[in-house]
Amino acid sequence: MEKQKSDRSLNSSSKASLNVNLKDMGKMVTYSTPNNKANIEDVTKELHCQLCHEWFTKPVMLTCSHNFCKACIEKSWRHHQKTVCPECLIPCQSKNFIPNTVLERLVMRLKDMPLTQAQPQCPEHGENLKLFNKQEGKLACFQCKDIRHSQEFMQITEAVQIYTGKLTTKQTQVEASLKELQRLKSVQEEAICAHKDIKAFLGSLEKGIEVLTPRDFNSRDLNLGKFKGPIQYMTWKEMQAILCPGLCLITLDPLTAHPNLVISEDRTSVWHGDVKQMIPDNPERFDSSVAVLGIEGYTNGKWYWEVEVARKTKWTVGVVRESINRKGCCPLTPMDGFWLLRLRNSIELKALDVPSFGMVLQNTLSKVGIYLDYDGGQVSFYNAEDMSHIYTFSSTFTEKLFPYFCPCLNDSGDNIEPLSIIHPFGISSDKQ
């Protein structure tokens with residue numbers, strides 16, 4: 001009973017004391033002005049915990065009437081293993097304290113008031129810093145401007161806008177440089193990869209030479225099967241395992257083909273027919289562009305294939321995203337998921353980039369090589385006869401990509417020749 005009376009007495013005396021403090025503090029805030037900095041600092045100091053030196057968080061009052069953050073006093077008692085007040089060292093029986101809700105509400109009201117917010121001031125004149133000195137690159141007050149009589153001062157908001165624009169420009173330049181560096185890195189890694197393949201092949205040749213003895217060279221009875229036969233093909237077969245990437249076999253997907261397209265039985269050739277076939281108009285099928293996709297899609301790695309375009313007057317080949325619009329007409333640009341090279345009038349070659357890149361062929365283009373580096377963000381086109389470079393797209397791929405083939409209209413027989421995918425083993429298909 002005595003302890004309960006003591007606690008009630010403590011609660012009532014504490015709340016009364018806090019009410020007086022709150023009233024006194026309210027008067028100080030009411031009659032303080034922005035110039036009366038000392039009074040404001042005194043008020044805010046009383047509202048800070050003596051342990052963490054921050055605004056009170058869930059304050060509690062000890063039996064000695066001193067206040068601390070609940071977490072701070074509990075941490076202090078655990079650390080020192082003594083339940084005493086850190087400020088006056090009076091023992092606190094049974095870790096006794098009460099939540100000081102009045103003080104908590106006072107802190108919540110005052111800590112966000114403008115009077116309690118510290119404002120940066122000029123170290124020379126003591127005024128608020130409201131200007132920016134372009135010449136010195138630092139904040140200044142109005143007295144600084146009046147003394148220097150300089151036109152190099154501007155409002156802080158104006159300076160923020162100007163330097164934000166400059167920062168955006170620099171960021172764009174850095175991003176462009178980074179993209180170019182990534183492209184150069186990809187080219188360099190590819191060159192290093194090709195060099196290491198070559199190194200392994202030369203090592204295998206040297207090992208083969210070491211096995212041969214002088215007697216093998218001087219023998220008149222050479223092994224006809226080993227030294228006379230399809231030597232070039234045998235060498236190519238040995239090199240094929242180290243080519244990076246090798247020529248890959250692509251087959252066409254009939255479910256994506258325009259109804260007027262005819263696909264060979266082995267699905268490696270396509271041409272435009274005069275008769276529109278009665279086939280289902282499934283979502284995958286092109287209904288406007290006379291095009292067809294490869295059946296395999298790619299989400300990583302490096303891939304290379306070749307397409308025979310000889311004797312055709314027009315065609316379009318390349319790579320597209322899986323999500324392209326296949327119904328009706330749409331722009332054939334990289335932004336819309338198309339990375340394409342096309343021919344018109346037998347000699348007018350154009351890469352459908354933005355802006356587009358056009359050229360007039362001086363020599364016949366019989367085979368087109370298409371290289372896809374998914375991770376490196378590259379689609380390149382080559383004259384497959386001599387591997388001379390035609391054009392390269394640089395982009396970032398985020399979904400599955402498919403080879404794209406458009407033999408275009410047959411133009412009453414002038415463009416009847418098919419687009420034929422070159423088989424890795426030299427077997428090409430004719431019209432069935």
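**Close-up views of a predicted model**

**View 1. Strands β16 and β17 are joined by 6 bridges.** Strand β16 covers residues 378–383, and β16 and β17 run antiparallel. Within this pairing, Phe 381 has Tyr 391 of β17 as its bridge partner. As with every view in this set, the coordinates belong to a predicted model.

**View 2. Strand β10 pairs with strand β15 over 7 bridges.** Strand β10 comprises residues 302–308, strand β15 comprises residues 367–373, and the two pair in the antiparallel sense. Val 307 is placed opposite Val 368 of β15.

**View 3. Strand β10 also pairs with strand β19, over 2 bridges.** Strand β19 spans residues 419–421, and its pairing with β10 is antiparallel. Here Glu 308 faces Ser 420 of β19.

**View 4. Ile 198, Leu 202 and Leu 205 make a nonpolar surface patch.** The area of this patch is about 260 Å². Leu 205 is a residue of helix α6, which extends over residues 156–211. Is Leu 205 buried, partly exposed or exposed? Leu 205 is partly exposed, because its relative accessible area is 39%, and the partly exposed class lies between under 20% for buried and over 50% for exposed.

View 5. A disulfide is a covalent bond between the sulfur atoms of two cysteines. How many disulfides does the structure hold? The structure holds 0 disulfides. Cys 52 is in no disulfide, and the nearest cysteine sulfur, that of Cys 72, lies 3.8 Å away. For Cys 141, which is likewise in no disulfide, the nearest cysteine sulfur is that of Cys 144, at 3.6 Å. Cys 52 is partly exposed, with a relative accessible area of 30%, whereas Cys 141 counts as buried because its relative accessibility is 0%.

Terms used:
Residues numbered from 1 in each chain as written. Predicted model: local features only at pLDDT ≥ 70, side-chain atom pairs only at ≥ 80, totals over all residues. Heavy atoms only, no water. Patch = residues over 30% accessible without salt bridge, like charges linked within 9 Å, V, L, I, M, F, W, Y side chains within 5 Å. Areas by Shrake-Rupley, 256 points an atom, 1.4 Å probe, with all protein chains shown as cover. Salt bridge = Lys/Arg side-chain N within 4 Å of Asp/Glu carboxyl O. Helix = DSSP H or I, 4+ residues; strand = E, 2+ residues; numbered from the N terminus. Buried < 20%, exposed > 50% of the residue type's maximum accessible area, 1.4 Å probe, protein only. Pairing = 2+ DSSP bridges. Disulfide = S-S within 2.5 Å.
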